[in-house]
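Colleague: I am new to this structure and would like to be taken through its side chains. Could you show it to me?

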Amino acid sequence: MNSIKNVPARVLSRRPGHSLEAEREQFDKTQAISISKAINSQEAPVKEKHARRIILGTHHEKGAFTFWSYAIGLPLPSSSILSWKFCHVLHKVLRDGHPNVLHDCQRYRSNIREVGDLWGHLHDRYGQLVSVYTKLLLTKISFHLKHPQFPAGLEVTDEVLEKAAGTDVNNIFQLTVEMFDYMDCELKLSESVFRQLNTAIAVSQMSSGQCRLAPLIQVIQDCSHLYHYTVKLLFKLHSCLPADTLQGHRDRFHEQFHSLRNFFRRASDMLYFKRLIQIPRLPEGPPNFLRASALAEHIKPVVVIPEETPEDEEPENLIEISTGPPAGEPAVVADLFDQTFGPPNGSLKDDRDLQIENLKREVETLRGELEKIKLEAQRYISQLKGQVNALEAELEEQRKQKQKALVDNEQLRHELAQLRAAQLEGERSQSLREEAERKASATEARYNKLKEKHSELISTHAELLRKNADTAKQLTVTQQSQEEVARVKEQLAFQMEQVKRESELKLEEQSDQLEKFKRELEAKAGELARVQEVLSRTEQSGSELSSRLEALRAKKDALSGAVQQREADLLAAQSLAREREAALSQEQQRGSRERGELQARLAEKESQEQGLRRKLLDEQFAVLRGAAAEAEAILQDAVSKLDDPLHLRCTSSPDYLVSRAQAALDSVSALEEGHAQYLTSLADASALVAALTRFSHLAADTIINGSATSHLAPTDPADRLMDTCRECGARALELVGQLQDQQALRRAQPGLVRTPLQGILQLGQELKPKSLDVRQEELGAMVDKEMAATSAAIEDAVRRIEDMMNQARHASSGVKLEVNERILNSCTDLMKAIRLLVMTSTSLQKEIVESGRGAATQQEFYAKNSRWTEGLISASKAVGWGATQLVEAADRVVLHTGKYEELIVCSHEIAASTAQLVAASKVKADKHSPHLSRLQECSRTVNERAAGVVASTKSGQEQIEDRDTMDFSGLSLIKLKKQEMETQVRVLELETTLEAERMRLGELRKRHYALAGAGAAPSEEEPGRPSTAPRKKPPLAQKPSVVPRQDHQLDKKDGVYPAQLVNY
């Protein structure tokens, strides 16, 4: 046997299985195999054994460097399932891996975000899940890096949670918000998974469904801890902050509670989760954070992972011990070894090789046993963890029950103490009341007046106490209550001083009586001394003097008893006065304490009022800033239209531009007033917001119409108009930008926008036609002239009808006189109604001019609303012409030279003309105007009177024609047949004539419409040249050439009503 005694160290270093490089290589190989088997494109859940090896690898190398070195090379963009399983494995590694994994994953945040963004833009089912999952992983990494007290597994004790939250309310508030965001990401992932399961009709026992459901195990574990921590933090916040401040937190928690409860319920119903995890059940309703004792009722949800069944597989070695060369070792090394030391003996081995092989087998056996021991230890550990979690849950429940019992015990003890105090107070008050009754019964007869004063003092004190209570209630509203309380206290002190003075007066009175009795006693003693001297001088009258002496002695004893009685009464009164003074001093002390409490409450209310005022100021500025931001967007859009090529087709007239610019200038004044008012009172921004809103719309409208007007203007004025519009937009944007900044708000100058607006207005005036001034003067005078002419025409018509009435009475009689009177009376009534209509229309017109002209003159108002003015002129001409035609037709009918049909047609024409006048007046009238109501009533009266004229005309015509009776008694059969044929011929001729007249009427109406359209077109192009030559009115009232709009559709600002306004 060939044996090697001295092997070079260089060769020993190349032997496999005995170096750190081989061990590292074997570790890398095992990790690569596990990662490739765990993260693949098969639609199946990740096997637990592969994920466990990856997690053990992170603990082995104390980090996730190897995991990321292989994971970064995975083709994640090519397969959504591969990306989904990568996120699942990364989630498990973050939860159960080494703590350093978190810092390693932080370096690859951009890679995780890129994967999520890539699949989020694609319409793939797993891709949408991957997008949601990556957001959850990024949130998890950020949260645990920011709060290192919480491990990635989220399992900490309540003491650690208290320490992490701290005592600062802001930190607790922020930590709660971050946990809410964390929980939202978890719940969003679960909802996305369940939504796809429903749409794909998958069940939990299919591999496709299990592939989606597998990551929800980690989600359930995270959500149980997050739910418990948020409950704890919210109870702590409610103990530090008012309930109204935390209303948003409560609403968000309730929403998450119902989502989490629904998630746990749906997951617990699936067979897939029943064998892998024990899901806790949440209570029916969320905790009541407004009740502090509800914390004792909260039970921490505990998730238990059941014992895993061992898998039938042979454990793989983490460190490979083999005799073969390493994978990267070239074959040349073995050949060199053989050439140097000779080839090995084919079948014989030395003792060392046998020992090595035996040791290898023993190591492999021990390693297998070690692996089994590890698996069994892990099972025991999981079981013990489950038992520990269950015991911790029971302990937590017992602790909460104990805390609840302590709280209840404290409450009962507090109630018992209150009851005892109330009982003692009752006994004390009872004893005091009995003593007071005894004293009152003893002194009732002698000190009735003092008792009345005392009762009056008690009633006054009760009334003062009620006033004091009312004053305390009113302290929350105004500060004047404190003055009322001070005044009431002064009154009470004044009454106390009165009682003191009365008591002192009583004492002085008793002292005076005592002194009086003493003086009487001294006088009696002096008299007794004199009597004794007289007795010594005159012993003759001894018996008489002795009897008198006895009487005096008796009187003396009586006086002494009275003096003693008075002294006792005086002492009793002094003691009672001292008691009253003590009671009054106690009341005074109580009043001072109440005053101190009221002052403290007043200070608290003042602080609350200051806080509300600050909040109001912030809200008002927020409203102003929002309005300014909206105004800025409107102005930006208007300024962008200046360079928009699509806006080149838009045009506008200089008249409309002038009206818009003038309105914008008026809004600048309102904006200045609103700005000054807001600077005066920062608590009210309504005027500034309203003025800013109106200014932004009008300024944007002015800019847009200025650009549209420049498209039809000459080159130089167009360029100047565009530059002025840009300047106006720039200054307006600068102004709204200053209004959004609280510092620059006071420096804002709204008046700077007036200069470019005035420039736009001036350019619009220059672009208007030159003949407009002449037309303004003509229109201003023509309206009054036409209304006066119409009134004169109607007055003349009334006079002519009266003259015709007188002539008809002299010239006719009988039935003709009756018919003529009826027709002329109806015409007179119609003329009166028309006259009242014209007067009412004139009043309404004056009201419209006064309310709409503003600072302008009457002629300027008519010129500004030229179309409306032309309509009034046309309508008034039509009414006057119709009245004249009616009178002429009535004259011809009375003289038997005209036809009754002429009266009917004139009546219809007058009704149409008055309707035109009413419509022209309604365009700019206020719908609530009383003059408009009267005008409409007059219009209805005119229609009724016109209908009366038609009715009287038709009845008169029938009455006269009925007198000509037809007598055919003298005609023979041949003559009757001949007249019948002639009548048929006449009927046919009349029908032909009627058809021809109808065609002629249609042609006339067509020509009338054509003339009306031709007359309206020049008035639009050249508004400064109204037609002054009256044209002849057609014989019948005609319909308008365009369908008229309703009253609510008419624009009162522009005064445009082209459909019915035709010049005659």
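Predicted model: local features only at pLDDT ≥ 70, side-chain atom pairs only at ≥ 80, totals over all residues.

Colleague: How many aromatic pairs does a search of the whole structure find?

Modeller: The search gives 17 aromatic pairs. Rings of Phe, Tyr and Trp (its six-membered ring) pair if their centres lie within 6.5 Å; planes under 30 degrees apart are stacked, over 60 edge-to-face, and the rest tilted. W68 and Y108 make a stacked pair, with 4.5 Å centre to centre and 5° between the planes.

Colleague: Which parts does that pair tie together?

Modeller: W68 belongs to helix 4 (residues 65–71) and Y108 to the loop between helix 6 (101–106) and helix 7 (109–120), so the pair ties together parts 40 residues apart in sequence. Helices here are DSSP runs (H or I, at least four residues), numbered from the N terminus.

Colleague: Is W68 buried or exposed?

Modeller: W68 is buried, at 1% relative accessibility, whereas Y108 is partly exposed at 23%. Buried means under 20% relative accessible area, exposed over 50%, and partly exposed in between (1.4 Å probe, protein chains only).

Colleague: Which residue lies over the face of Y126?

Modeller: R212 does, at 4.4 Å from the ring centre. A charge sits over a ring if NZ of Lys or CZ of Arg is within 6 Å of the ring centre and within 35 degrees of the ring normal. The charged end of R266 likewise sits over the ring of F194, 4.4 Å from its centre.

Colleague: Changing topic, where does Q221 lie?

Modeller: Q221 is in helix 12 (residues 216–238) and is buried, with a relative accessible area of 15%.

Colleague: And how many disulfides are there?

Modeller: The count is 0 disulfides, a disulfide being a pair of cysteine sulfur atoms within 2.5 Å. C87 is buried, with a relative accessible area of 0%.

Colleague: Which residues touch the most other members of the largest nonpolar core?

Modeller: They are F67, F263 and F273, in a core of 88 residues. Helix 12 supplies the largest share of this core, 13 residues. A nonpolar core is a set of buried Ala, Val, Leu, Ile, Met, Phe, Trp, Tyr and Cys residues joined through side-chain atoms within 4.5 Å.

How values were computed
Residues numbered from 1 in each chain as written. Heavy atoms only, no water. Helix = DSSP H or I, 4+ residues; strand = E, 2+ residues; numbered from the N terminus.
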